[in-house]
Amino acid sequence: MNKFLKWFASDSFIVSLAAIVMGLLLGAVVMMIGGYNPITAYGALISRVFGDWYGFGEALREMTPLVLTGLAVAFAFRAGMFNIGAEGQVLMGMTGASLIGIKITGLPALIHAPLAIIAGALFGGLWAALAGYIKAKRGVNEVITTIMLNWTALFLCNYIVRTFLLMPGNQRSVDIQPSASISIDWLSQMMGNARVHWGILLAMLASTFFYYFLWKTKQGFELRAVGSNPEAARYAGINVSKNIVKAMFISGVFAGLAGAFETLGVFHYQSVYSSLPGYGFNGIAVALLGMTHPFGVLAGAGLFGSLTYGSAGMSFDAGVPPEIIQIVIGSIIFFIAAQGIVRFILKPVYKRKKEKVL
Amino acid sequence: MAATPVVELKQITKRFPGIVANDSISIKLQKGEIHALLGENGAGKSTLMNILFGLYQPDEGHIEVNGEAVAIDSPNKAIELGIGMVHQHFKLVQSFSVTENIILGMEPSKGGIQIDYKTATEKVKKLSDQYGFRIDPNAKIEDISVGMQQRVEILKTLYRGADILIFDEPTAVLTPQEISELIEIMRKLVAEGKSIILITHKLKEIMSVSDTVTIIRRGKVIDTVKTNETSPFELAEKMVGRNVSFKVDKKPAEPGEKVIEVKDVSVKNKEGITLLDGMTFDVRRGEIVGVAGVDGNGQTQIIEALSGLRKIDSGSIVLNGKEIGNHTPRQISESGVGHIPEDRHKHGLVLDFSVSENMVLESYYKEPYTKRGFLNFRAINDLAKRLVEAFDVRTPSIQTKARSLSGGNQQKAIIAREINKNPDFLIAAQPTRGLDVGAIEFVQTQLIQQRDQGKAVLLVSFELDEILNVSDRIIVVYEGKVIGEVRPEETNDQELGLMMAGSRQGGTKA
Amino acid sequence: MDSLLIFGNLLNTTLVFSTALIFAALGGLFSERSGIVNIGIEGLMVFGAFAAAIGTHYAEEAGMGGASPWIGLITAVVVGVLGSLIHAVATITFKADQTISGVVINFLATGITLYLVKLLFDGAGETPLLLHRLAKLNFPDFASIPVIGPIIGAGILNSYPTTFIAIILVFVTYYVLNKTTFGLRLRSVGEHPSAADTMGINVNRMRYIGVMLSGALAGLGGATITLTTTGLFSHTTVSGQGFIAIAALIFGKWNPLGIMGAALFFGFSQAIRNYVQLFEWSASIPQDFILMLPYVLTVIVLVVAIGKSRAPAALGEAYDPGKR
C-alpha cells in the first residue's frame with residue numbers, strides 16, 4: 001500500500017497528471033476561441049459517459065479495442081519495434097473471427113466462440129509475424145512493411161467478405177452464428193442495451209498477461225534484451241531473429257483479438273471498409289499515453305475511450321465539433337512526450353513546494 | 001624573466017553535481033613547448049581542456065591568451081583565438097571525404113552558396129604537404145586507417161589557423177609505428193612555432209616528447225616539472241598517489257594440453273573480401289596467449305568466429321577435442337567459452353537492464369534462474385549479490401541500471417559474469433580500454449588468476465605494454481593471418497611493431 | 001484504343017499520383033538528413049491540404065479568380081511550416097521522442113483542421129468545392145509529333161504545374177544537399193552532431209531549418225492533392241499518402257533521386273490499377289486484388305531488391321552537448 005502511495009507522489013505520475021490537465025485546458029481554450037462554452041461541453045462529455053448505465057457500458061465497449069491495440073503497439077515497442085500495422089492486424093482478426101463465426105455451424109457456444117476468438121488472434125498474429133519475418137530475414141524496416149500490409153489487409157479482408165461472407169445487396173457480411181457471439185446479453189439488458197461483451201474482461205486479462213510475460217518470464221527477458229540492445233542480446237546467445245518474429249506475432253495477437261471482439265461482441269458481422277478504420281492508429285496514441293506500460297495502456301485506453309465516446313455527447317448537447325477531442329488527446333500525448341515543457345510550466349509549483357518544506 | 005605564456009589557466013574550478021572536476025587549477029603553456037597533462041582517467045584533464053576549448057564554462061578562475069584575459073564561451077571563440085583540439089574520439093563524419101571534414105563550417109565558396117571544392121582540395125593538399133601528412137583529400141573517412149583519421153583531425157585545427165593544439169590521448173588507438181610518426185609530426189608543429197598541450201596517461205610518451213609535465217590527480221594540480229628533471233617512476237607515483245609497479249606479478253606459466261585449436265580458418269565478408277585468411281593457432285590450459293596486431297587485421301573476426309557470432313567459410317575450430325566452428329553463440333557458450341567483448345556498451349551489457357539482470361544475461365534460462373518458464377528473482381538476486389561482492393563492483397544496489405555505473409565497474413560486472421560461467425577458454429578483447437590504473441590492475445590480475453586455475457586465456461589488445469606484461473606467448477596477426485609467434489621476454493616494442501606492420505623477421509614459426 | 005495513347009495516359013496519371021509523394025518525401029528528406037525523424041509528414045500534408053483549400057476559397061471570395069489556387073499553394077507552405085514548428089520545438093528544444101512527436105502532429109492535424117472546417121463552414125464536414133483549381137499545362141505541338149507524341153505531349157508534358165515544380169525541386173534538392181555549404185552543414189548535423197558543433201555549426205539551428213523545410217514541402221504535397229485531384233478538403237483528402245511518402249523516403253535511401261524513383265514507382269502502381277481494367281482479361285481479376293497491387297508490389301520489391309538502407313547516422317538522437 002505504501003508503494004502505491006509513493007507512486008502517486010512520484011514525479012512521472014505528477015507530470016502525467018499535469019499533462020492531462022494541460023491538454024484539457026488547451027482544449028477549453030480552443031473551444032472558447034470557437035465561441036463554445038467549455039464547461040458546458042466537458043459537462044456534456046462527462047454526463048454522456050457517467051450519466052447512465054448505457055453510456056458507461058458503451059464507453060467500456062469503446063475502450064476495449066483501444067486497450068488491445070494499445071497493448072499491441074506497446075508490446076512491439078518493448079521489443080524494439082514500431083508496429084504501425086495494428087490497423088491491418090485488427091482487420092485480419094475480424095476476418096478470422098468472421099470466417100469461423102459464420103461458416104462453422106452446429107457447435108456449442110462454449111466451443112464456437114473461443115474457436116472464433118483464437119482464429120482472430122492467429123490471423124492478426126500471423127499477419128504481424130510476416131512483417132517481423134521480413135525484418136529479421138531481409139532487414140527491411142518494419143515501419144514501411146506494416147504500413148503496406150495495412151492497405152493489403154484492407155483489400156484482402158474486403159475480398160474475403162465480398163466473396164465468401166457477403167449479405168447480398170449489402171456492403172457487409174451476413175451475421176455470425178449466435179453460438180459465436182460473446183455478447184453478455186443479461187448485462188446488456190441491465191445496461192439499456194449497451195453492447196457489452198466478454199472481450200472487455202479478456203482485454204484486461206491481456207494486459208495482465210503482458211505484464212507477467214514481459215517482466216516475469218524467461219521469454220520476456222529475451223524480448224526485453226533484444227528490444228533494449230539487440231547486439232548485446234546476440235552476444236549473450238539470444239536468437240534475435242526468432243525474438244523479432246515472436247514479438248511481432250504476440251503484438252499481432254493483441255490486435256487480432258481487438259478485431260475478433262469487435263466482430264463477435266459488438267457488430268456480429270463484418271463491414272466492407274472503404275478506408276482503414278483507425279483502430280491501429282488510435283492504438284499508437286493509447287500506447288504512448290500509457291508510456292508503453294501495460295497498466296498505463298489500460299489507463300490510457302480509459303482516458304482515450306471516455307473522451308472519444310463522450311465527445312459524441314459533447315457535440316450533441318453543446319454543439320462542439322467532436323474533433324476537439326483529437327486536439328485534446330494529441331496535446332496530452334505531446335505534453336507527456338515533451339516532459340521538458342511540463343516541467344518548465346510546473347516550475348513555480350515545484351519551487352513553492354520546496355519552500356514550504358524549508 | 002620568463003616570456004608571456006601563450007595560454008595561462010588561472011585557478012580554474014569546475015563543479016559537476018556531486019564532484020569537483022577541477023579544483024583551482026593553474027597551468028602555463030609557453031610558446032613552442034609541448035606541455036604534457038598527466039593524470040588518470042577521471043582526474044579532470046578532459047574537463048579542463050573542454051573549458052579551454054569553450055565547451056564548458058569554468059565556475060571560477062579565468063583564462064589568458066597571450067597575456068590578455070579572454071572569455072571562451074564557445075568552440076568558435078576558441079578557434080578564433082587560435083586554439084584547436086584533436087579529440088580522442090575523433091569527431092569525423094564517416095561518410096564525408098577528408099576535405100569535407102576539414103572545411104566543414106569554414107567552406108571556401110562561390111558567392112557564399114556553392115562550395116568551391118577545387119580550392120578546398122588544394123588548400124588541404126597544401127597543408128598536408130607542408131607537414132608531411134601524405135593524405136588523400138578525396139578519400140572517405142570510413143576508408144582510411146585510424147592513423148590517417150587522426151591526421152585529418154590535426155588538419156582540421158591547422159586549417160582553422162590554430163597555434164595552440166590540444167591533443168587528447170592521441171596515441172590510444174595507434175600502432176608503435178604510427179606513434180613515432182605522430183611524435184615526428186608534433187615535433188614539426190612545434191618547430192613551426194605551434195604550442196602543444198598533450199593529454200595522456202602514458203609515461204613513455206611523455207618522457208619521449210614533452211618539455212614540461214603537469215600532473216593532475218582528483219581535479220587538483222599535484223606538480224609541474226621539467227621532463228628532463230624527472231623519471232617515469234616519480235611521475236607514476238605522483239599520478240596515482242602511491243607506489244606502482246610496472247610489471248604485473250605472475251608466476252611462469254605451466255601450459256597443459258590444448259584447449260582450443262584454430263586451424264586454417266577463413267572468413268569472407270558479404271562483398272567477398274577476405275578477412276581471415278587461413279588463421280591457425282592454439283591456446284593451452286594454463287597459459288595466456290596475447291594477440292598483437294594493428295586494428296583491422298582480423299582480430300574482431302577471429303573473436304566473432306570463436307564465439308559463434310560469425311560464420312566461418314572454411315577451416316575448423318576445436319574446443320577440448322570437439323568441433324565448435326559455426327555453432328551458435330549459445331552452444332559455444334555452453335561448451336565452455338567465456339567472452340569479455342571489446343565494446344562494453346554495445347556488446348557486453350544491456351545498459352537499461354539492472355546490474356542483477358545483466359549478471360544472468362547468458363544464464364537466465366537455466367535452473368535455478370528460471371523455473372518452469374518463470375524467472376526466479378530470488379536466485380538471480382542472490383547470484384548478483386554474490387558476484388558484486390566478490391568482484392568489488394561498486395554499485396548503489398543490484399537493481400541499479402548498468403548505465404549508471406562507471407566504466408571500470410561495468411567491466412568488473414562483465415568479468416564477474418564471464419568468470420562465474422567457469423569457462424575452459426576465456427576470450428578477453430581489449431579488457432582494460434578506458435579504465436584507470438586501479439581497474440586495469442584488477443582486470444589483469446583476474447586474467448592471470450584464471451590462467452593459474454588452469455584456464456586457457458586469449459587476450460586481444462592494442463596496448464603493447466599490456467600484451468607484453470600479461471601474455472605468456474604472443475601471436476602477431478597481419479591481414480587475417482598469424483605471421484609470427486614470440487615470447488614476451490624475448491622481444492620488445494620495436495620488433496613487435498615491425499611484425500605488426502607485416503614484416504616476418506623475428507617471427508619464429510611463420 | 002491506341003496502345004501508345006494508353007501508355008501516355010498511364011504516364012500522365014502516374015505523374016499526378018507521384019507529385020504529392022515527391023513533395024512530401026523531399027520534405028521528409030530535409031528533416032531526416034538533419035537527424036530528426038519525421039513521421040508527422042502525414043499530418044503536415046493534412047495541414048497543407050486544408051490550408052490550400054482555405055486559402056484558395058477565400059482568395060476566390062476576394063475575387064482573385066484564376067490566381068486563387070496559387071494563393072492557396074502559398075498558404076499551404078506557410079501553414080505547413082507553422083505545423084512543423086510544433087515538431088521542432090518538441091524534439092529539438094525540449095528533446096522529446098521524435099517518433100511520438102510525429103504521431104502527435106498527425107493527431108493534431110486532423111483534429112485542428114476538421115474542427116476549423118466545422119467552425120468556418122457551419123458544421124460542414126468538408127470545405128466547399130473550389131471553383132478554381134490548378135490547370136494542366138498544354139503543349140499541342142508536342143502532342144502532334146508522330147509516334148512519340150502521345151507519350152511526350154499528352155503523357156508527360158500535359159501535366160499540372162506542381163508536377164514540374166516537384167521535379168525541378170528534386171534536382172534543386174540534389175544540388176543543395178551535395179554542392180552547397182548549407183547542404184554539407186545540414187548533412188553533418190544529421191551524421192555527427194557533436195563533430196558539427198565543434199566545427200562551430202549551430203546544430204539546433206540547422207535542425208530547425210531542416211524540420212521547417214519539411215513542413216513547407218509536406219504542405220506543398222498536401223496542397224497538390226487538394227488543388228489538382230479532390231478540389232476540396234475533407235478527412236479523406238490525404239488518407240495515408242504521408243505514410244507512403246515516408247516509405248518512399250526510406251525506399252529511396254534518403255537521396256533526392258532515389259526518392260523520385262520510389263515516388264514514381266508508387267505513383268505508377270497506383271495508376272496502373274486504373275488501366276488494367278481497360279483490358280478484357282482483367283475482368284477475371286477481383287477488383288480488390290487490383291487495389292492491393294501497389295502495396296503488395298512495394299513489399300515484394302523491398303524484400304527482393306534492397307537489404308538494409310543506410311539512414312543518417314545520428315537519426316533520431318537528440319543532441320545534448322552537455323552529455324559527458
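Two strands are said to pair if DSSP finds at least two bridges between them, and helices (H or I, at least four residues) and strands (E, at least two) are themselves DSSP runs, numbered from the N terminus. The structure is a predicted model, in which local features need pLDDT of at least 70 and side-chain atom pairs count only at pLDDT 80 or more, while totals for chains, interfaces and linings use all residues. Residues are numbered from 1 along each chain as its sequence is written, and chains are lettered from A, and ligands numbered from 1, in the order in which they are written.

Together with other strands they belong to an open sheet of 6 strands with mixed pairing, in the order S6-S9-S10-S3-S11-S12 (chain B). Strand S6 (83-86) and strand S12 (220-226) of chain B stand at the edges with a single partner strand each, so one side of each has no neighbour in the sheet. On average, neighbouring strands of this sheet are turned by 20° against each other, direction ignored.

Angles run from 0 to 180 degrees between N-to-C directions, with axes being lines fitted to C-alpha atoms, for helices over the stretch in contact. Helix H1 (residues 45-52) of chain B lies across S3, S6, S9, S10 and S11 of chain B and runs at about 150° to S9(B). Helix H6 (residues 176-191) of chain B packs on the sheet by touching S3, S9 and S10 of chain B, and its direction makes about 150° with that of S10(B).

The peptide bond from B:Glu367 to B:Pro368 is cis, with omega near 0°, and B:Pro368 lies in the loop between helix H12 (355-359) and strand S19 (370-371) of chain B. B:Asn66, in the loop between strand S4 (60-65) and strand S5 (68-70) of chain B, has a positive phi of about 50°.

In chain C, helix H3 (residues 68-93) has 26 residues and spans 36 Å from its first C-alpha to its last, close to the 38 Å expected at 1.5 Å a residue, the expected span being 1.5 Å times one less than the number of residues. A residue is buried if 20 or more other C-beta atoms lie within 10 Å of its own, exposed if 12 or fewer, and partly exposed in between, with C-beta atoms placed from the backbone. Because 19 of its 26 residues are buried, H3(C) is largely enclosed by the rest of the structure.

Finally, the chains meet one another. Chain A brings 35 residues into contact with 37 residues of chain C, and H7(A) gives the most to the side of chain A that touches chain C, with 11 residues. The contact between chains C and B takes 16 residues from each of them, and H9(C) provides the largest share of the side of chain C that touches chain B, 5 residues.

Conventions
Two residues are in contact if their C-beta atoms, placed from the backbone, lie within 7 Å.
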